[in-house]
Amino acid sequence: MTLTTDKTASKKKLGLKERYAAMTRDLGWEPTYRTPEELFPYLTYEGIKIHDWSAWEDPFRLTMDAYWKYQAEKERKFYAIVDAHAQNNGHLNITDARYLSALKLFLQAISPGEYAAHRGFARAGREFAGVGTQVACQMQALDEVRHAQTQIHALSNYNKFYDGFHAFARLRDRMWYNTVPRSFFDDAMTAGPFEFMLAIGFSFEYVLTNLLFVPFMSGAAYNGDMSTVTFGFSAQSDEARHMTLGLEVIKFLLEQDPDNLPIVQGWIDKWFWRGFRVLGLVSAMMDYMLPKRVMSWREAWNIYGQENGGALFRDLARYGIRKPSGWDDAEASIDHMSHQFMLALHHWNFGTAFHTWIPSEEEMTWLSAKYPDTFDRYYRPRWEHMRSIEEQGPQFHNFGLAKLCQVCQLPCVFTEPDDPSTLWQRETAYQGERYHFCSDGCQQIFDNEPEKYIQAWMPMQALFSELEGNVPAWMDWAGLINEQDNLNFHGSADERNFSAWRGLSTTNTTNQENPA
Ligand code: FE
Ligand code: ZN
């Protein structure tokens, strides 16, 4: 046997594309002793037709080993900064303690949604027949559970010092404003796999994520909250992947069969409106809760809704997709929704696990400038009226319970798109019961699937049926500590403690002079 020194390797190192195929699609196999129908029983009942699963292209070609490497690196950076934040009393660097209301809302309403998305993607990954799709869903399921974890860890630091963070998981299930995002995710998770992908992958990630994450994360940066900024950065590259996946899903469905178009359009209509209603919480946060504002809700909508969303639907027009049916109603609501919702939150603030307050004169000037057609005309007089009541005595509270929308679960506090003086209320009679809705969009969603939505668990009805209208018992049950988590920011322990602690860190006062 002669040895040759110049022998070329018989097997080249795999190229990126081949390596991706080997690490993803080649992991699948053809079933032999079960039929595809037995293995994937949920693929057909929604009416979606897929002819060729291999046509699914993952735009990132991310293999599992690379995925773990990237994510581990991000985790290391994230926890280093969160630790530094904790050790250096980073919580005292925020603009002022009113900012914490935005964080409490985020932790109660949004982080559990990340966890729900994780469960949903894990299930969807099991239910799809294509290996490319399965791998993409598996990665997104892992991303989402990581988002829930990093958010909870980042915010746990605030829980050591401030009220309203301690029972976020229970609050999420039982608190009236948190059942808005809860019901959004419950609705998606109980839908078929294709509808789930469209609901979360497309409507939530692609159409709405920018309107949700950008305001919260830039809000955190503007207000000195290092630990929240850090989880935002850590999630950002995942979000880019999720948005691309969402768009890929919709194109895949539309390219597979023309019969898919009307089904997909129906889901776009439904999930746009459901997502838009969840954004009611975000609009109030942006316009009212951030001591240092990033931009108004109207400005965010112009950029991320009108411009980006508009371009997206123009792009999808070649497949026959049109803008969501609720688009014009959404546009007509933008200049009203944050004010209407925040006024409601304020007069129901005995039942919120965060503090609210009347905007200061300077903040009202900002709101007038950002909403020249609506704020001074409709909302400033209401705030000023509430302020004059507060100046003379206790704050005005509305102890009447809200009528909730059977679909989005928001209280019916919004007005008709073309008439800001009339509440937007719709009603459908179904099997001898009357159901209420906040809008045409929600009524249409109900009317398409009444059997689904009559089963919805409604927090206000639970107060009467399970707790006989006993508000203190309801607070215990929901995880709300009265006179601690709720009510006006002014006079709260959060306000007192923050100014005392910040005073200690920036002046020479001592504990005795300035007791917390
Ligand atoms: Fe996420
Ligand atoms: Zn509704």
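C438 and C442 are both buried. The model they belong to is predicted.

**The zinc site.** The zinc ion (ligand 2) has four protein donors: C405, C408, C438 and C442. Each gives its SG atom, and the donors lie 2.3 Å from the zinc ion. Along the sequence, these residues follow the spacing C-x2-C-x29-C-x3-C. What is the arrangement of the four donor atoms around the zinc ion? It is tetrahedral, because the angles they subtend run from 104 to 118 degrees. Four donors count as tetrahedral if all angles lie between 85 and 135 degrees. For four tetrahedral donors, the ideal angle is 109.5 degrees.

**Helix α19.** This helix covers residues 493-506, which is 14 residues. From first C-alpha to last, α19 reaches 20 Å. That is close to the 20 Å expected at 1.5 Å a residue. Which residues of α19 are buried? They include D494, N497, F498, A500 and G503. Part of their cover comes from α4 (99-127).

**Helices α7 and α8.** The axes of these two helices come within 7 Å and cross at roughly 135 degrees.

Note on methods. Residues numbered from 1 in each chain as written. Chains lettered and ligands numbered in written order. Predicted model: local features only at pLDDT ≥ 70, side-chain atom pairs only at ≥ 80, totals over all residues. Heavy atoms only, no water. Donors = N, O, S within 2.8 Å, 3.2 Å for Na, K, Ca; no water. Tetrahedral: all angles 85-135°; square planar, octahedral: opposite > 155°, others 65-115°. Buried < 20%, exposed > 50% of the residue type's maximum accessible area, 1.4 Å probe, protein only. Helix = DSSP H or I, 4+ residues; strand = E, 2+ residues; numbered from the N terminus. Expected span 1.5 Å × (residues − 1). Contact = heavy atoms within 4.5 Å. Axes fitted to C-alpha atoms, helices over the stretch in contact; angles between N-to-C directions.
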